[in-house]
Amino acid sequence: MTPEDPEETQPLLRPWAASAPRGRRVFLAAFAAALGPLSFGFALGYSSPAIPSLRRDVAPVPRLGDSAASWFGAIVTLGAAAGGVLGGWLVDRGRKLSLLLCTVPFVTGFAVITAAQDVWMLLAGRLLTGLACGVASLVAPHKVYISEIAYPAVRGLLGSCVQLMVVIGILLAYLAGWVLEWRWLAVLGCVPPTFMLLLMCFMPETPRFLLTQHQHQEAMAAMHFLWGSEQGWEEPPIGAEHQQGFQLALLRRPGVYKPLIIGISLMVFQQLSGVNAIMFYAETIFEEAKFRDSSLASVTVGVIQVLFTAVAALIMDRAGRRLLLALSGMVMVFSMSAFGTYFKLTQSGPSNSSHMNLFAPISTEPVDVHVGLAWLAVGSMCLFIAGFAMGWGPIPWLLMSEIFPLHVKGVATGVCVLTNWLMAFLVTKEFSSIMEILRPYGAFWLAAAFCILSVFFTLSFVPETKGRTLEQITAHFEGR
């Protein structure tokens, strides 16, 4: 069968009729899979409260210096990059199997951190949790598993709810870090993947994957479990079994190379916005801004992110992906520019003191100008997180799940995840260096410039996918 054969793009599932029954167990399956993103959200947020705690410790307890702290925050992204490659291979062996396997490095990694006696054990544990993050970020969410079990009317909602689980995981790490030291925080990190392992044992494989494997009875059983009906089922076209996955020759097809370019570009722009550096070093950033309680500021950022990600989940299938991406990018441009302006205005002041208590009563005493400017930092950071959560947080991952043909999805999404985590590593590892070279204000203004480019890219190249089946989206790229 040649790549141009029309049979290859015939849908495996018929479009849903208006009266087709909609089972509720699809939401249970989506929740079980979303515990993976909750786990890697916790892993991402773990470093923010753990690094200050590890810096305060004294021998024989492991203690992080500046260089080790930088690696402790960034090495998780290297593990995730490797996990993205591994996940791209695993996903073609089974979506459910990949989810079950990714729980192992999550639990093992946090267990190693809990038992750490030196810095190397800490870094090894972070590397393992990163490996699990890479697999989970590819397989669990809207990227593959949820996009294939969801019908079009709720695909955007379920996809955004996965991003909601990520930010809830980050917020959970921030809140728990308020009361737990780093070892007990790592123990808590073992809980979500353990529950995920237990729940996923009772969830089915995705119907689309089963159909490509010609396991018709199993696919019908999965659809009945998830949707309450087999009405969406259709036998794969003759010859579909010859679709052997990704081959270099397929890059000549518009239906493959166009979405691949878009997917990679979305991942690059997402990380160049600086969001992962902000989440890893949230407390450090607010300490640089001279806040008395940087932990409180970080928790505030986490709450804002959860709230606006929830809003995005509710409006995703109404407003559309493209509109939300463009609006999100414009909000991020404004907020990062304002945050850079804050550092520009305060860095040259004589006292450079912006210490403040967010809940202190209003005083009639004269207030230093820098104390007032500190609110600019709070507002800018919260506005950026709100804007990111409304668009550039969930939508690049959601689009990645929607735009790739089924037979190349494993490799194509693996490439995109690898790109995302490598960019996350570069930005996270070099963030402090960029702040030293360009000064803090220059680093944030640079991020604002990349956000401007992301808006132009969205308006020029990103298609609207809301309300379309995965097969209709592929047909769009093919020009049919």
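Leaving aside neighbours within four places in sequence, which residues is Val 166 in contact with? In this predicted model, local features need pLDDT of at least 70 and side-chain atom pairs count only at pLDDT 80 or more, whereas totals for chains, interfaces and linings use all residues. Residues are numbered from 1 along each chain as its sequence is written, and side-chain values use heavy atoms, with hydrogens and water left out.

Beyond those sequence neighbours, Val 166 is in contact (heavy atoms within 4.5 Å) with Pro 37, Phe 40 and Gly 41. Val 166 lies in helix H6, residues 152-179; helices are DSSP runs of H or I with at least four residues, numbered from the N terminus. Its relative accessibility is 5%, so Val 166 counts as buried (under 20% relative accessible area, 1.4 Å probe, protein chains only).

Helix H11 (residues 254-272) packs with helix H17 (residues 395-403) at an angle of about 170°, and their axes are 10 Å apart; axes are lines fitted to C-alpha atoms over the stretch in contact, and angles run from 0 to 180 degrees between N-to-C directions. H11 is therefore roughly antiparallel to H17 (angles over 145 degrees). The contact involves Pro 259, Ile 262, Gly 263, Leu 266, Met 267 and Gln 270 of H11, and Pro 396, Trp 397, Leu 399, Met 400 and Ile 403 of H17.

In helix H7 (residues 182-189), the buried residues are Trp 182, Leu 185, Ala 186 and Gly 189.

How values were computed:
Helices (H or I, at least four residues) and strands (E, at least two) are DSSP runs, numbered from the N terminus. Angles under 35 degrees count as roughly parallel, over 145 as roughly antiparallel, 65 to 115 as roughly perpendicular and the rest as oblique. Buried means under 20% relative accessible area, exposed over 50%, partly exposed in between (1.4 Å probe, protein chains only).
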